Amino acid sequence: MEMLKKLQSTVQSTVSSAASSVLGNPVTREFEIRNHVASGGPGCLWKIYNGIKKTTKQEVSVFVCEKRQFERMNRRDRDAVIEAMKRGVTQLTRLRHPRLLTVQHPLEESRDSLAFATEPVFSSLANVLGNYENMPTPVPAAIKDHQLYEVEIKYGLLQVTEGLAFLHNDVKMVHGNLTPEVIILNKNGAWKVAGFEFCIPSSNPPDQAAFFPAKEYNENLTPLAQQTLNYHAPEYVLQCACDTPGDLFSLGMLFYAIFNQGKTIMDCGSSLLTYKRNIEQLGSLRMSVLGSVPDPVRECVKLMLNVEPTVRPDADQMSKIPFFDDVGAMTLQYLDTLLQRDNLQKSQFFKGLPKVMSKLPKRVLLQRVLPCLTQEFVNPDMIPFVLPNVLLIADDCSNEEFTRLVLPQLKPVFKVTEPVQIVVILLQKMDLLLSKTPAQDVKDHVLPMVYRAMESSMQPIQERCLAIIPTFSSMVDFSTMKHSIIPRIKTMCLQTSSLSVRVNCLVCLGKMLESLDKWFVLDEILPMLQEIPSREPAVLMGMLGIYKMTLEHKKLGIPRDVLATKVLPFLLPIVIDNGLNLKQFNAFMSVIKEMVRQVEQEQRTKLEQLHSMQEEQQRSSLAFTQVGPDDNKGTNSMFAGSGGEQQNGGSDSMMDKIWSSFGLGGSKPVAKEPVAASMSGSPAASLRSSSSSLVDREEPAASLDMSPGRMPNQPAKVNLTLEEKQRLARDQEQQRRLKTQGPIAPQAAKPTSSSPKPRDLSKTLLDSKPMVPPSTGMMGSSQGMMGGSTGWSMMGSSTTTSMGMMGMTSTSSGMMGSGPNQSMMGMSSQGMMGMSSQGMMGTGGQGMMGKMSNQGMMGGTTGTSGFQGQTQAKPDLSSLDNLFGPPKQKVPMGQMTSQQQQPMGFSPLGGTNTGGMGGWPPPDISQQQQQQKPAQNLSRGDIMDFLG
């Protein structure tokens, strides 16, 4: 904050000092005076300020002479100085020449100051040579560090010489006081003659020879009111004679001072005696004294410093000496005279200018060459010749210099469309313009020029635009590229009738793919290729290049679904186009094969990942549902033999062989696994069956390549759909629940009394409640081999019947049918009293003829009996004695079933089967029991015969 306050105070003090200097001066009405930058004029009495014209905002310089600096002088000296200052400005205002300082506002006088306005000024030559009198404090760094280049000195002295020639020959005037203080350097670096306070015009008429009356030097008068003795010719002081050679003596002294760091040969001050002594020494001037002067001009300087006026060369002769024949000086001189040249001369000069500019210093190019070139922008015919030189200068500029000096001159050129070479040149230098132009100016001026060029109807402009745009595409922001440039290229490609323009559009898009976004390419570029109306080989190869670039570039890439559904269906018909030659056909096939390989690889990777996840779930389910080794052995051996007989019994068809070659294995292996799974009688088996079916549905492509000797590749990461993730989550949850359940423990059957007693079965059935051990998870369901409601049969469809006989509800099915356990030849009965009946050939195990599983409704147990090496206590069947009457004639099971077949309700997994007349509880049969006679004891064989 303190720094800002200091800066503010400094600015305020500067402005206040400037305002106080010209306070009340009429020049302030039209010009805004700013900072003090330099000083000039005789004795550097004029302070030079930067200024702005209020009406036009034109930059100017304001010269101010403060009268308070003369307060210590006597009245005569003060009036003489003020009168000389006023006379010099008045005389300068009357004269107009390129080598003279241009006055834009005449002298204005107030009580405190004198002021006038001129063209923008950098400083005086005296300031550059080290004279800082009447300069601001501190001295501006631009002036303090300013070093004159050789080409600047040569051309500056040439300008002064030409100015003197104009005064002597045209105006008939002697300057009279040519010193470094009156040589003014403007903003462009041009040297201008000023300081006409002591000029002497000819007193003769114009048609007569010029005569210049001299004025004697007065030592009693202040030196500020007289010529400077160090630069004054000897004849002025000694002979009181004045003529044009006197200015050449001053010019010789100026030459020496410039090459000698501002010091002259004579140092007289204001002493006339010292001056006379120095003049005597000057008569015998040796060349060694001029050692600092360059050799080409040393002899000329010695001639100009000769005490005899007739020996000195005139101004015209000096302007033609070889010293000024420097290429740089001649180039600058030609630039100052461009207005006098015709277009042909200008065009020839501008063509050779780049070779010369490479030898010129940067400051000279910016201050001297650039302003002259930009003046030609008003002539459209010359812009194609001038613009390359301007952009060559801009290439060496800093961003600040480009923005301040070059860009304001280029803005009008951006809007010029004729001749077409202007747009072409700008497009060729587009990288330069974008790198140095501020972002807002790029948006407002540069890019609109590009858009107009792209919308041009001229084919050369379109082709040049398409060739140049990729070179600067990385410098343009993505939003501009997306909404402005790419749409115009697409429109040009689709609407043009020129084959070369369309091909160049495709080439341009291909080169710009690296700077575009992947999804923008997929959504905008690739669909556009299918809309191109023409099918010439060049166009097709251009489209192929875009597809290949997008496919192979690590930043882009094409997803497999886009390849499979959009790209490949579009490219495949092109392959058979008759216009393609062998090389082009091979290029298309190479890209198509790569696309197919990518689709295959990504899809296989996804399916292998799914397959590995399913296998992991299956292994977890198998580990949970694994049973004892003896039971597995019996089951596997039995069904292995059965399946082998079935497989060997039939002959493979051609379709089976085809499926086998695909790795599908035909229909027989598919049916083998569900049979084994159904015999396991566990819910995990059902889960495995559903999981395997899920794999079969979702991974047909993966099974094609899974031969027995092939190991699956390591699955890579593939994104699963939401439905697949939900299905996997449900399977995992089911697996977790199965793992948390305890094992199914067999329970011992309750012993029955040896002496059966008659029981009221109706009451028993009515009072009974189904009870299932909590560890089974079956909830009282009975799934017998002949009573399953959802089973499959190898020899016929299954039937579900419900048969109620003498108070017992049973469930049966067809002979060769199967329930959810998929048994070959078995039966299942469900007791009403919670009793457990065990089949002769095995219960709960795997018998020779099948399996019988009985489960009591009120907490009965399930026993197992193996056929080989397994024994079980003989069941007590005395409780059934009261159920049967006297022996009757045996009725075949088929007839009995047909007579008593009733529809049975379906019992899903976890529910109960209902028997009787189709519902639970069964009808009241207590009256039938009262009418029955005492039952006779039946043998075990009778019971088995009765049961089939």
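Start by selecting W46: this residue is buried, with a relative accessible area of 3%. Keep in mind as you click around that this is a predicted model.

Show both side chains. You're looking at one of nine aromatic pairs in the structure. Turn the view until you can see both rings: the centres of W46 and F116 are 5.1 Å apart and the planes sit at 85°, so this pair is edge-to-face. Colour by secondary structure next. W46 belongs to strand β2 (residues 46–53) and F116 to strand β5 (residues 113–118), so the pair ties together parts that are 70 residues apart in sequence.

Next stop: F478 and F520. Their ring centres lie 5.9 Å apart with the planes at 80°, so here again the label is edge-to-face. This pair links distant parts of the chain, with F478 in helix α20 (residues 478–495) and F520 in helix α22 (residues 518–529), 42 residues apart. Buried or exposed, where does F520 fall? F520 counts as buried, at 8% relative accessibility, whereas F478 is partly exposed at 35%.

The charged end of K518 sits over the W519 ring, 5.0 Å from its centre. For another charge over a ring, select R488 and Y451: R488 lies over the face of Y451, 4.3 Å from the ring centre.

Technical notes
Residues are numbered from 1 along each chain as its sequence is written. Side-chain values use heavy atoms; hydrogens and water are left out. Rings of Phe, Tyr and Trp (its six-membered ring) pair if their centres lie within 6.5 Å; planes under 30 degrees apart count as stacked, over 60 as edge-to-face and the rest as tilted. Helices (H or I, at least four residues) and strands (E, at least two) are DSSP runs, numbered from the N terminus. Buried means under 20% relative accessible area, exposed over 50%, partly exposed in between (1.4 Å probe, protein chains only). A charge sits over a ring if NZ of Lys or CZ of Arg is within 6 Å of the ring centre and within 35 degrees of the ring normal.
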